[in-house]
Number of protein chains: 2
Amino acid sequence: MRPTVHDIAAAAGVSLATVDRVLNQRPGVRHVTREKVETAIRDLGYIRDVAAANLAKGRTYPLVFILPASDNSFMHGLNAEIRQAVLRSPAERTDIRIIEVPAFDPAALVSVLEGLSREKPCGIAMVATDAPEVRAVVDRLVRERFPIVTLVSDLTGSLRHHYAGVDNIAAGRTAARLLGRFLGPRKGEIAVLAGSMLVRDHRERLEGFAAVMAEEFPDLAILPVLEGRDDPEVAHRLVADALGNAGIVGIYSLGAGNRGLIRALKEKAADRTLTVVAHELTAHTRAALIDNTIDAILNQDAGHEVRSAIRILKAKADGLAVIAAQERIRLDIFLKDNLP
Amino acid sequence: MRPTVHDIAAAAGVSLATVDRVLNQRPGVRHVTREKVETAIRDLGYIRDVAAANLAKGRTYPLVFILPASDNSFMHGLNAEIRQAVLRSPAERTDIRIIEVPAFDPAALVSVLEGLSREKPCGIAMVATDAPEVRAVVDRLVRERFPIVTLVSDLTGSLRHHYAGVDNIAAGRTAARLLGRFLGPRKGEIAVLAGSMLVRDHRERLEGFAAVMAEEFPDLAILPVLEGRDDPEVAHRLVADALGNAGIVGIYSLGAGNRGLIRALKEKAADRTLTVVAHELTAHTRAALIDNTIDAILNQDAGHEVRSAIRILKAKADGLAVIAAQERIRLDIFLKDNLP
DNA sequence: CCAAACTTGATGTACGTAAATCAAAAAATC
DNA sequence: GATTTTTTGATTTACGTACATCAAGTTTGG
């Protein structure tokens with residue numbers, strides 16, 4: 001059997017109360033006594049039974065998820081996954097609240113975060129908007145000992161404890177290689193459809209994409225980025241216009257709004273053999289992959305991101321370790337053959 | 001607060017002891033009383049606190065992993081992941097034992113399984129050897145209420161509760177599409193290196209591969225399968241020989257023993273532009289992907305498989321639900337840009 | 001050396017469930 | 001209606017930890 005508090009008390013020659021004081025870092029223990037207890041803990045390999053401790057404490061984990069109020073499939077999916085997690089709350093002792101903030105609005109995000117510092121949740125997961133003032137509040141909250149993880153979009157250079165999302169530079173690079181390899185010896189131009197170059201993940205995807213294109217596929221030229229604002233209508237118009245250019249052989253869609261892209265492709269390019277790589281698996285992109293309108297989809301598993309964020313926040317709140325490999329968010333590549 | 005046993009006792013107008021009898025399916029409760037209690041449970045939305053229950057029971061989960069004693073990187077990796085899980089045992093209340101059986105030996109597997117039926121573990125995870133007699137014992141054990149999951153290699157048509165592994169037909173199909181698309185307009189022959197056609201997962205990969213090749217890439221012909229017995233030396237010899245054929249433009253390696261494949265490629269095909277798709281990410285295949293000897297790697301995450309198997313066995317033992325999406329084992333596709 | 005401050009022990013209750021025991025009540029059997 | 005059997009209640013202990021209280025012990029400082 002694994003050792004209990006009683007065993008350490010006996011081993012250290014102190015009372016249960018003293019062991020408790022050491023374990024929970026309560027005052028009133030002399031330095032030498034504390035060391036005796038800590039030695040016993042190490043020697044016996046004592047590990048606190050978190051389940052029993054939580055039971056005794058009646059602990060719950062109040063968590064807050066901060067999401068941009070964006071009306072696209074991916075954010076809807078992310079929201080749905082968090083609501084799934086809410087359903088599991090009783091079993092997981094979590095108490096999850098979702099706060100929506102206007103998208104691309106650092107000030108709004110900052111004020112929400114400042115409100116939270118009063119409310120004392122035991123963890124915050126946020127889709128970060130990349131701005132200095134956001135970084136500043138996040139750093140302050142981390143210093144005040146709030147566990148914070150960024151979700152989907154990171155806040156590089158901040159003190160956030162963890163990023164639950166994909167490596168977007170790698171995603172862009174992968175898209176470039178897929179597109180380049182699929183096109184083989186063909187030469188021509190590549191159209192890139194993004195949401196907005198103000199969003200860090202989109203910038204990073206483009207950066208990775210452009211890098212590999214330049215290094216390895218010099219016969220393919222990237223056209224100026226089309227900013228579709230993650231809006232299907234805008235995307236449709238931009239892509240339909242762009243397809244007037246007969247030199248386009250491939251498209252990389254690195255943001256949302258793929259519904260518009262797909263419609264434009266079906267209207268204007270049914271007769272052309274375009275190679276298309278898009279991000280985010282939704283009902284629309286899935287159908288387009290199956291009917292060969294899209295050739296490959298890169299995806300991040302929103303469910304995994306949410307579950308991972310929760311696990312990490314709980315672990316941080318308890319000062320426990322996590323299984324690193326389990327928390328790595330993969331870049332999923334879907335061809336029509338390996339769809340889930 | 002969520003309701004406790006006390007609340008249902010009060011609501012049903014019975015004593016705590018009776019609630020306990022109902023919850024734990026102990027005898028000595030009249031039918032009508034049992035129904036009263038069950039109604040109260042539903043009405044109040046009572047959920048048993050598994051942590052408290054496990055604490056009270058002093059429950060541990062004795063689990064058994066049965067693996068083939070194969071000396072290849074993948075099985076070593078799988079073994080290592082299980083040992084990692086053993087290290088987490090205290091926190092997870094598991095008690096994991098690994099049993100190795102001779103590979104490809106249904107009789108050995110059967111006798112181990114029969115031995116287990118006496119020992120009463122609360123769950124069994126096994127890399128299945130696909131044979132009728134194995135299916136028979138598995139079905140018998142499942143009927144005797146042992147939770148069983150197959151790992152890596154499935155036992156189709158048996159009553160096993162779950163399969164923690166990838167869809168190998170989809171894997172083969174994906175490999176074919178990658179190879180076909182990467183080769184583009186090139187015509188020629190494709191060499192396939194397998195471990196053994198006696199193993200179900202290898203047969204399935206080939207089946208999926210051949211299907212897509214036939215449907216979509218008629219200019220590429222599949223050569224007779226090279227059976228490398230998952231052994232680097234054998235694989236090396238077979239591939240080196242095969243490369244005498246100048247018509248080969250691509251290789252699909254669907255088993256283990258890739259070290260031999262890679263060496264053969266470097267010796268005999270450094271000057272040729274072969275397209276190569278291989279399975280399983282190891283130190284060797286990773287290096288080969290980076291230096292362009294291999295173009296894509298398909299992988300199954302052994303760590304995920306092990307953790308998933310454990311979660312599922314525990315859930316089955318407690319009669320609880322699992323998060324289906326979390327337990328789906330992805331087919332990972334790695335290009336040199338999205339390596340972990 | 002005495003008082004104040006600090007340190008430690010002893011003890012009890014709680015968390016939500018499991019499981020056992022024994023007594024009492026109800027139902028079924030004759 | 002008495003007897004046996006079944007059902008139910010009441011109560012207790014336990015799991016491993018948290019946390020509070022109070023008494024007793026040990027150090028300090030003056």
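The questions and answers below concern a predicted model with chains A and B.

User: By what turn can chain B be laid on chain A?

Analyst: Chain B can be superposed on chain A with an RMSD of 0.1 Å, and the shift along the axis is 0.0 Å. Because this is the relation of a two-fold axis, the contact residues are of interest as well, and 100% of those in chain B recur in chain A, the same surface serving both copies. The turn that brings chain B onto chain A is 180°.

User: Which residues of chain B lose the most area to chain A?

Analyst: The two chains bury about 3,500 Å² between them, with 51% of that area on carbon and sulfur atoms. Contact, taken as heavy atoms within 4.5 Å, links 40 residues of chain B with 40 residues of chain A. On the side of chain B, three residues together supply 20% of what is buried there, namely B:Arg181, B:Arg330 and B:Asp337.

User: What share of the residues of chain A counts as buried?

Analyst: Chain A holds 15 helices and 12 strands, and its C-alpha atoms fill a box of roughly 85 × 40 × 35 Å along the principal axes. Its accessible surface comes to about 14,800 Å², of which 53% belongs to carbon and sulfur atoms. With buried taken as under 20% relative accessible area, the share among the 340 residues of chain A is 55%.

User: How far apart are the mean positions of the positive and negative charges of chain A?

Analyst: The count for chain A is 44 positive and 43 negative charges.

Methods. Residues numbered from 1 in each chain as written. Chains lettered and ligands numbered in written order. Predicted model: local features only at pLDDT ≥ 70, side-chain atom pairs only at ≥ 80, totals over all residues. Heavy atoms only, no water. Least-squares fit on C-alpha atoms with pLDDT ≥ 70 in both. Helix = DSSP H or I, 4+ residues; strand = E, 2+ residues; numbered from the N terminus. Buried < 20%, exposed > 50% of the residue type's maximum accessible area, 1.4 Å probe, protein only. Areas by Shrake-Rupley, 256 points an atom, 1.4 Å probe, with all protein chains shown as cover. Lys, Arg positive; Asp, Glu negative; His and termini not counted. Charge placed at Lys NZ, Arg CZ, Asp CG, Glu CD. Buried area = accessible area lost by both parts, 1.4 Å probe.
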